[in-house]
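Have a look at the sequence and the model, and then we'll go piece by piece.

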Amino acid sequence: MSAHNLMTVAVLMRKEPLQGPMARWQSSRWVLDDVVPHEDSFGLTPRCLRENEGDALWLYPGWPVELFTDDAEGYWLNVSAPTPSFFVMWRLQERDGLEPLAVPQAVSLSYHDAGRWLDAQESVETVAAPGVLVEAVRAFVQQHFVPEVKKRQRPQSFQGLTDRFGQPASVSTAPKRRGPGGGGQVHE
């Protein structure tokens, strides 16, 4: 398993006010706003770009986007989708005396990573990846992904029969034996 550092990105998380019936239970929610290429001017520490009543935008710089040769299938699933995307896993973190803050935990381009995070009931959101990046991932996939050869499955009609205990079973077309004599007659 070797890693290829594709690029470094910054994640933007946005808190937005809720409208309608949902606002009865919760006044706002956190969502993934965007994933952008990292710039030196961002620095390396998270910072608030704006925050007011029910609305906020936070920048989380310095997230490496790496591709691993053993996960080429996960990248292939992403680039072959209608909208290739970044997958961002994030969690709410408590702040002293303030509302919780959405903090990214991981950024990936692999469908397999996103699936594992969702199976673990993490918050995962997507945002479309830029075309230049998608082409770089596609080139990586062409170099490292070897599709698994599908084996022909034997038709069910040719497979041996077994009983519920796994023992060989037989099928007979002869008439069933009835009664003590087995001659097919019912005895009284």
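Is the crossing of α1 and α3 left-handed or right-handed? It's left-handed, a term used when the near helix is turned anticlockwise from the far one by less than a right angle, with clockwise giving right-handed.

Before going further, note that this is a predicted model: local features need pLDDT of at least 70, side-chain atom pairs count only at pLDDT 80 or more, and totals for chains, interfaces and linings use all residues. Residues are numbered from 1 along each chain as its sequence is written, and side-chain values use heavy atoms, leaving out hydrogens and water.

Back to the helices (DSSP runs of H or I, at least four residues; strands are runs of E, at least two, and both are numbered from the N terminus). The axes of α1 (residues 72-79) and α3 (residues 131-144) come within 9 Å and cross at roughly 135°. Axes here are lines fitted to C-alpha atoms, for helices over the stretch in contact, with angles from 0 to 180 degrees between N-to-C directions. That makes α1 oblique to α3, since under 35 degrees counts as roughly parallel, over 145 as roughly antiparallel, 65 to 115 as roughly perpendicular and the rest as oblique.

Who touches whom? On the α1 side, A72, Y75, W76 and V79 meet V134, V137, R138, F140, V141 and H144 of α3, contact meaning heavy atoms within 4.5 Å.

Now for the sheet. β5 (residues 85-95) joins β7 over 6 bridges, and M89 has V124 in β7 as its bridge partner.

Note on methods. Pairing = 2+ DSSP bridges.
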